[in-house]
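I opened this notebook to keep track of what I looked up, entry by entry.

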Amino acid sequence: MAGKPVRPANAIDQTRRMLSLVTYLRERPGARIEDVARAFGITEDELVSDLDVLPMCGTSFRGGDLLDIDTDGERIWWHNPAALGAEAAEPLRLAADEATALLVAARAVSTLPGLREGDRQALLRATAKVEAAAGEAAGASARLSVTFESEGGVFADVDRAISERRRLWIRYYSPARDEVTEREIDPIRLVSVGHTYVEAWCRRSEARRTFRLDRVAEIRILDEPSAPPEIELRDLSEGLVQPAAEDPEVVVEVGPGGRWVAEYYPHDSADELPDGGLRITLRTPEPASLRRLALRLGRDGRIVSPPELADSARRAAGEALAAYDGIEAQGAADGPHAVDGERPGPRDEDQYDGREQGL
């Protein structure tokens, strides 16, 4: 055991091991390196590596507060174990801005729907203690408040449906189709990648779909049991948008002012153009959703293929310009300040939503 690690090393495992190591060494002064390595199922070299890090840890970075741990190559010695004792602890002192932020956040969380009543009461008791300790600094927090939008209630219902294995009925806004649809879903899990989503089996499309919670217009927990088919959970470490090889291919050409598209949109290739722009090839399960991209780009880019999508984008742009000209003309008749002619930049709208659109 001492010569072979039990599992591949990673930061989380090392942190957990080192926290346990502190307690272990405190109770065993002069412990032998080979015995400690065997107890933790690591090599002696890994243990020595941990021991090199521990002296940089402590209750603060003041002299005497860091762990004074070293080894003579055979045994491990901890020269100031009292540094972590109760007598070394100091009362927590919060600055005024820290106390204000903590109190405002605590009050906001206590209003969240779906919070267990026991947790809510515990949070309120802790908030009262912080208020008493903060003194005058607590006064500023009383003049501030934070409220959560409806996503909090949706989150609570989804979380409950998952834990109780029940089906959900939702009214959901799909930006690609610009419509609200009703559907029943069997929720699988909640995920957070920029926004909060529920991954579910959609009974309407008979396929796995991902729905953004802030686009759920209405939600109900049904009596029917949730019974999604056995499906492999996707690895979302690379992001929510993961186009598949079978998705339709779209080619977009952008000028220098549209190079940001390559940063925001997953793509297969981005080839340089003579004018400093890019020819970007990407895949999406719903090409029509890229019409909005064409409108945002304006003169900075265009959809090249497929031809029907390019034609659709041109028509949408023409209709938008005609409507804009009509509003501008009306604004000119009403007065010089009736219309703000500034158009939104590329970051003013949501980023590409890909598969989460629940189509």
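**Entry 1: Val304.** I began with Val304, which lies in strand S11 (residues 301-305); helices (H or I, at least four residues) and strands (E, at least two) are DSSP runs numbered from the N terminus. The model is predicted, so local features need pLDDT of at least 70 and side-chain atom pairs count only at pLDDT 80 or more, while totals for chains, interfaces and linings use all residues. Residues are numbered from 1 along each chain as its sequence is written, and side-chain values use heavy atoms, with hydrogens and water left out.

I found Val304 partly exposed, with a relative accessible area of 25%, where buried means under 20%, exposed over 50% and partly exposed in between (1.4 Å probe, protein chains only). Val304 and Val251 are 53 residues apart in sequence, yet their C-alpha atoms are 5.4 Å apart in space. With neighbours within four places in sequence left aside, Val304 is in contact with Val251, Val252, Glu253, Arg279 and Ala310, contact being heavy atoms within 4.5 Å.

**Entry 2: Ile303 and the cores.** Which residues have the most contacts inside the largest nonpolar core? They are Val261 and Ile303, in a core of 18 residues; such a core is a set of buried Ala, Val, Leu, Ile, Met, Phe, Trp, Tyr and Cys residues joined through side-chain atoms within 4.5 Å. Two or more residues each come from strand S8 (249-254), helix H8 (261-264), strand S10 (278-283), helix H9 (291-297) and helix H10 (307-334). Apart from this core lies another, of 17 residues, including Val22, Leu51, Leu54 and Trp78.

For Ile303, again leaving aside neighbours within four places in sequence, I listed contacts with Val250, Val251, Val252, Leu290, Ala294, Leu309, Ala310 and Ala313.

**Entry 3: Thr281.** In strand S10 I looked up Thr281, which is buried with a relative accessible area of 13%. Not counting residues up to four places away in sequence, Thr281 touches Glu249, Val250, Val251, His267, Asp268 and Ser269.

**Entry 4: strand S3.** Seven of the nine residues of S3 (residues 166-174) are buried. S3 pairs with strand S7 (residues 216-225) in the antiparallel sense over six bridges, pairing being called when DSSP finds at least two bridges between two strands. Within S7, Ile219 is the bridge partner of Ile170.

**Entry 5: aromatic rings.** How many aromatic pairs does a search of the whole structure find? It finds two, where rings of Phe, Tyr and Trp (its six-membered ring) pair if their centres lie within 6.5 Å, and planes under 30 degrees apart count as stacked, over 60 as edge-to-face and the rest as tilted.

The rings of Tyr24 and Phe40 have centres 5.3 Å apart and planes at 75 degrees, so I noted the pair as edge-to-face. Tyr24 lies in helix H1 (residues 11-26) and Phe40 in helix H2 (residues 33-40), so the pair ties together parts 16 residues apart in sequence.

The rings of Tyr172 and Phe211 are also edge-to-face, because their centres are 5.0 Å apart and their planes at 80 degrees. Tyr172 belongs to S3 and Phe211 to strand S6 (residues 207-212), so this pair ties together parts 39 residues apart in sequence. Tyr172 is buried at 0% relative accessible area, and Phe211 is buried at 0%.
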